[in-house]
Amino acid sequence: MRFLLDAEQREFARSLDGLLTSCDTPAAIRAWAAGDHAPGRALWARLAEAGVFALAVPERYGGFGPLPLDLSVAFAQVGRHAVPGPLVETVAAAALLDRLGDADAAGAHLPGIASGTTVASLCLTALGPYALDADAADTVLVVDGDTLRVGARPGPVQPSADPGRRLSRPSGGTVLAEGPAVAAAAAHAAGLAALATSAQSLGVGRALLARTVEYVKRRTQFGVPVGSFQAVKHRLADTLLALEFAEPLVHGAALALAAGSPDADRDVAAAKVTAGEAAYRAARTALQLHGAVGYTDELDLSLWIRKARPLRDAWGTPAACRARVLAA
Amino acid sequence: MDLDLSEADEAFRTEVRDWLAAHVPATPLPSLESAEGFAAHRDWERELAADRWSVVSWPTEYGGRGASILHWLIFEEEYFAAGAPGRVSQNGIHLLAPTLFAHGTAEQRARVLPAMARGEVIWAQAWSEPESGSDLASLTSSARRAAGGWLLSGQKTWSSRAAFADRAFGLFRSDPDAGKPHHGLTYLMFPLDAEGVTVRPIGRLDGRPAFAELFLDEVFVPDEDVIGEPGQGWRIAMSTTGDERGLTLRSPGRFTAAADRLTALWHEHGDPADTALRDRVADAVIGARAYRLFSYAAASRVLHDEGAPAGAAASLNKIYWSELDIALHETALDLLGPYGELADHAPDSPAHGGWAEGYTFSLAGPIYAGTNEIQRDIVAERLLGLPKGRR
Ligand SMILES: Cc1cc2nc3c(=O)[nH]c(=O)nc-3n(C[C@H](O)[C@H](O)[C@H](O)COP(=O)(O)OP(=O)(O)OC[C@H]3O[C@@H](n4cnc5c(N)ncnc54)[C@H](O)[C@@H]3O)c2cc1C
């Protein structure tokens, strides 16, 4: 066995990191929050060009997936740079349409998702009433029980605690499919969404930790860097510990999904709760160790701090995930 | 030992409750972190003051009722239980007023306190500077002697409510050659609309201008606005930080009321099978009760002349309420499930309202009024007698 990312996957991560570093994602988030989707769409196109969405789409529809592990690698970078938009929802929509087994529907949407021209949002009403960023999406899918509707209209935006997330209740749309196949495809999509969200959380947590480590080395009080105080060091060490132990769960869950393992649901749930909590703890630590300046929205750090908690709860709350771990 | 209140205490509670029932606005006022909300809250302060409820523990000559600390605790419990508006005057009431009672002149008390009690003059605390947070004594903004007063220069920051407040109180370096950093500081009051003052609001996490930075360029302050002796600012200011961390800033009523609301939320939305969440709700209720009883014990010590709690005990208080507040709000958000993510102004935001803003505000608790890291050091060194660390 070789439970490590291979050289190609590591290189993929590095190149996405480089790409996103040059993109000024904070400006894109602030614009997104204000309802201006243009910079976010430009970012989306660049991620598509790098192959991110194609990882969720099979070859016959223009992709080279589904590759859950590579998707995890990509979403960790998406989180690290706090990219705005319904990225998780779009890859989950791809998984849903692929699994549904309806060639017309798949043919109508998947090539656009792979190439980045289709931004999708997805709402599974069993998990909550809201679709993320439906106002910015080209297509909105809703699964209600075992009915799948497409082309739903976004409702009025419901501001989230994270201004970069725009929630709304979708309505209407036309029924695309009904029956047990929908429920099975939706469950599969929810699994991939949970996996991508845990990877995204991991990235958010890593970014918060990195920024905080830099800050406590620079910020001096009492004539020394605050990072030299043991209380500060220990909190950061604990943050690293939590993230380091969440990462193998995320990778393990991706492999289980890829293999179609019967334990995949349990493994994804374990990854989701652990990565979500680790990132949220990282946010609390980052805020505390930045002091008052961390509590301002002017500092870009706030964009990551505010993401951590909604991601922890999206696509499976910690309580729901823990229940699934034990139910398996 | 007993926990029973006397008949007179119960009568006081009833009086407070009846007054609040007749006066608390039926619809919540707009957030006090907005110009509109600030004005509405000023009106509320005036209404409180008209019937002497704005500062119950102050002497009557300044607008209070001379109430004991026990009655103050009772007042606060009823105030929060009634869902009454947040106090826009709190910096003045909790920080400046105790300082003036201890160190101010009779003239200062007569001039400042009644207007504060009526909400006519709202005060901001101008202590922190960009480079001086936890290490406050390293502050560099200056007070220079001038005819009949002082000229203030420098930058203050994170000053709560300064975006809309009228005046501020803060520490300035008046003697740069005093040797030790906490020597040669002077405590002064100054108007925020004075010539030479620029106020720049800063958005907090949720974007609301809850604090501001202040740029001071040769701002003239007359001698009568110096609190205590020039050069003695540190000692004077430190006597206030005890109040900030101790009982008065965060009375238990705030948390018992929030725990009651959380309990109601649990009964309404809780899934009985989710025992982990149920346990957290219970822990918040227990925590609020512990804080309440701890506070009653502290009040008893004062009332029965068994000596006020040691200054360092205020650090225990600060750590406890700030962490309780976060736990309480995190639990509420978890209970709300998919609605927990919504901002308070979202159309779907739960009618109980206020949990999102309460949560955001709770996150600041372990930072302001002396960070919890610093408070834990104080507890370890002064209450447990552990050796002093590097600082
Ligand atoms: C909501 C809010 C309202 C505020 N209102 C006001 C106000 O009205 N007026 C005002 O003057 N100020 C106000 N402040 C500022 C507040 O007093 C400071 O934030 C506080 O003193 C901490 O300073 P700092 O933010 O610079 O953090 P820093 O001192 O830079 O600390 C950064 C981190 O290092 C840690 N640290 C620092 N020194 C030590 C040590 N010796 N040992 C261990 N850890 C250490 C801290 O605990 C923190 O985690 C407010 C702050 C907030 C968040």
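**Chains A and B of a predicted model**

For residues 6-120 of chain B, UniProt lists "domain: Acyl-CoA dehydrogenase/oxidase N-terminal" in an unreviewed entry. The structure is a predicted model.

Q: Why can chain A be called as compact as a globular protein of its length?
A: Chain A contains eleven helices and nine strands. For 328 residues the globule rule gives 20 Å, and chain A comes close to that value, so it is as compact as a globular protein of that length; its radius of gyration is 19 Å.

Q: What box do the C-alpha atoms of chain A fill along the principal axes?
A: The box describes the C-alpha atoms of chain A. Taken along the principal axes, its dimensions are roughly 65 × 45 × 35 Å.

Q: Which parts of chain A does the salt bridge between R206(A) and E244(A) tie together?
A: The side chains of R206(A) and E244(A) meet at 3.0 Å, N to O. Because R206(A) lies in residues 180-218 and E244(A) in residues 230-258, the pair ties together parts that are 38 residues apart in sequence, namely helix 7 and helix 8 of chain A.

Q: What area is buried between chain B and chain A?
A: Contact between the chains involves 44 residues of chain A and 43 residues of chain B. Carbon and sulfur atoms give 53% of the buried area, which is about 3400 Å².

Q: How many salt bridges are there between chain B and chain A?
A: Over all chains, the structure holds 49 salt bridges. One that joins the two chains pairs E131(B) with R219(A) at 3.7 Å, N to O. Side chains of opposite charge can pair in this way when their charged atoms come close. Between chain B and chain A, the count is eight.

Q: Which element of chain B supplies the largest share of the side that touches chain A?
A: Across the interface, 27 residue pairs are in polar contact, both residues being at pLDDT 80 or more. At least two residues of this side of chain B come from each of strand 6 (197-202), helix 9 (313-336), helix 10 (355-364) and helix 11 (372-383). By class, the side has 13 charged, nine polar and 21 nonpolar residues. The largest share, five residues, is supplied by helix 10 of chain B.

Key. Residues numbered from 1 in each chain as written. Chains lettered and ligands numbered in written order. Predicted model: local features only at pLDDT ≥ 70, side-chain atom pairs only at ≥ 80, totals over all residues. Heavy atoms only, no water. Contact = heavy atoms within 4.5 Å. Buried area = accessible area lost by both parts, 1.4 Å probe. Salt bridge = Lys/Arg side-chain N within 4 Å of Asp/Glu carboxyl O. Polar contact = N/O pair within 3.5 Å; in protein donor to acceptor, adjacent residues only side chain to side chain. Helix = DSSP H or I, 4+ residues; strand = E, 2+ residues; numbered from the N terminus. Nonpolar A, V, L, I, M, F, W, Y, C, P; charged D, E, K, R; others polar. UniProt positions renumbered as here; feature names shortened; annotations may be inferred. Rg over C-alpha atoms; globule rule 2.2 N^0.38 Å.
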